[in-house]
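User: I want to learn how to read the features of a structure. Please take me through this one.

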Amino acid sequence: MPTSDPSNVLFLTDAFRRSAVMFAAVDLGVFDQLAGESGSGLRLDGAGGAMNVAELARRINANNDALERLLDACVGLGLLNRTDNGFANTPESAAYLVHGSPQALTGYIDYSKRALWWLWGNLTSAVREGTPRWKQAFGHSGGIFDSFYATEEAKREFLLGMHGYGLLSSPATAAAVDLSGFAHLVDLGGGTGHFAITACRMYPNLRATVFDLPAALPMANEQIEAAGMSGRISTQAGNFFTDSLPPADLYSLGRIVHDWSEEKIRTLLRKTYDALPAHGAVLILEKMLTPDRNGPMRALLQSLNMLVATEGKERTLDEYRALLHDAGFTNIQGATADTLLDAILALKS
């Protein structure tokens, strides 16, 4: 007889299989077809509905028996419903796993399948050597856009996935600390503009600039225009390490700091400090580790993700405070949010 409950070990042993089911179903276009979308991701009939195995297999060119097993597993994972007419999307999968959904996470899922899956497969070596695994997994030193998203269509899909990911966290993080006293936010590495849009909606007197590499700005402009924010949010191309920063009284760094080495973080924080006026601030959006480093689990796993994929790691609030104090910032407050990210606001004296 077991001396203790093995269920956690057994769950973790096959947890990767659960991810593989979702990855395969997204990759095959299962959720798209059930939503009434074509392979190109263009909406055909809007609401979607149920479809039997034979018809779905014909549409996605799959083996009937094998596809039925996959669909059964998707039902077990809560990603599909089984109906009298076949299989149908759940509200969750319709929102996040259909390419044409405004909330789609499919681009990030594709990145997880094509890149992170293989990087994490070399976690043992990463822990031994303390370095990312791009070379070991793919034979090169990294560069997601050059390696995986060389076409505009693929790059767009990835950015839309990051946009969907950002939509999950931006409302809570924009509200986690009071930004009402600031006039101009510059979101450094702001991507598709999801945080700038959310912050400007929440704070009517705020203007914003999305500052990012040229490849990201067409998507940012598209999202800003769709949100009706073109009059309050602008974009500017640049590299926050090498180019001058646009003037602002608030800089935000969302999922940026955790990517880089401590040396580069110190350089970037000092650069934001020097660019700010008196009483300006920097807002860091990351998932903080608890003081005892026992959680939250998302932050612990993300820190390992940074190990296999980047130069960086996740930190406690005290560790962020030390970096910010060294750059000259004072009055540092941290706020945990019930979402994917937390907020750290630091003022310039």
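User: Which residue of β6 stands opposite V186?

Analyst: V186 stands opposite Y251 in β6. This is a predicted model, where local features need pLDDT of at least 70, side-chain atom pairs count only at pLDDT 80 or more, and totals for chains, interfaces and linings use all residues. Residues are numbered from 1 along each chain as its sequence is written, and side-chain values use heavy atoms, with hydrogens and water left out.

User: How are strands and their pairing defined?

Analyst: Helices (H or I, at least four residues) and strands (E, at least two) are DSSP runs, numbered from the N terminus. Two strands pair if DSSP finds at least two bridges between them. Here, β3 (residues 184–188) and β6 (residues 250–254) run parallel and are joined by three bridges. β6 and β7 also pair in the parallel sense, over five bridges. There, G254 stands opposite L285 in β7.

User: What is the strand order of the open sheet?

Analyst: The order is β5-β4-β3-β6-β7-β9-β8, seven strands with mixed pairing. The edge strands are β5 (233–237) and β8 (330–335), and each pairs on one side only. Neighbouring strands are turned by 20° against each other on average, direction ignored. For angles, axes are lines fitted to C-alpha atoms, for helices over the stretch in contact, and the values run from 0 to 180 degrees between N-to-C directions.

User: Which strands does helix α13 touch?

Analyst: Contact means heavy atoms within 4.5 Å. Helix α13 (residues 217–226) packs on the sheet and touches β4 (207–212) and β5. The direction of α13 makes about 175° with that of β5. Helix α14 (residues 262–275) packs on the sheet too, touching β3, β6 and β7 (281–286). Its direction makes about 160° with that of β6.

User: Where does H140 sit?

Analyst: H140 is in the loop between α9 (134–138) and α10 (144–148). Its relative accessible area is 23%, so H140 is partly exposed.

User: What describes two packed helices?

Analyst: The angle between their axes and the distance between the axes. Take helix α7 (residues 106–120) and helix α11 (residues 152–176): the angle is about 110°, and the axes are 5 Å apart. The cut-offs are under 35 degrees for roughly parallel, over 145 for roughly antiparallel, 65 to 115 for roughly perpendicular, and oblique for the rest. α7 and α11 are therefore roughly perpendicular to each other.

User: Which residues make that contact of α7 and α11?

Analyst: From α7 come T106, G107, Y108 and Y111; from α11 come E157, F158, G161, M162 and Y165. They divide into five nonpolar, three polar and one charged. Ala, Val, Leu, Ile, Met, Phe, Trp, Tyr, Cys and Pro count as nonpolar, Asp, Glu, Lys and Arg as charged, and the others, Gly among them, as polar.

User: How many salt bridges does the structure hold?

Analyst: Side chains of opposite charge can pair when their charged atoms come close. A salt bridge is a side-chain nitrogen of Lys or Arg within 4 Å of a carboxyl oxygen of Asp or Glu. The structure holds 16. In one of them, R82 meets D72 (2.5 Å, N to O). R82 is in strand β1 (residues 80–83) and D72 in helix α5 (residues 64–76), ten residues apart. D72 counts as partly exposed, at 33% relative accessibility.

User: Is the pair D342 and K287 buried or exposed?

Analyst: Buried: D342 has a relative accessible area of 1%, and K287 is at 11%. Their side chains meet in a salt bridge (3.1 Å, N to O). D342 lies in strand β9 (residues 342–347) and K287 in the loop between β7 and α15, so the pair ties together parts that are 55 residues apart in sequence.

User: Which residues are linked in a network of salt bridges?

Analyst: E55, R58 and R59.

Terms used
Buried means under 20% relative accessible area, exposed over 50%, partly exposed in between (1.4 Å probe, protein chains only).
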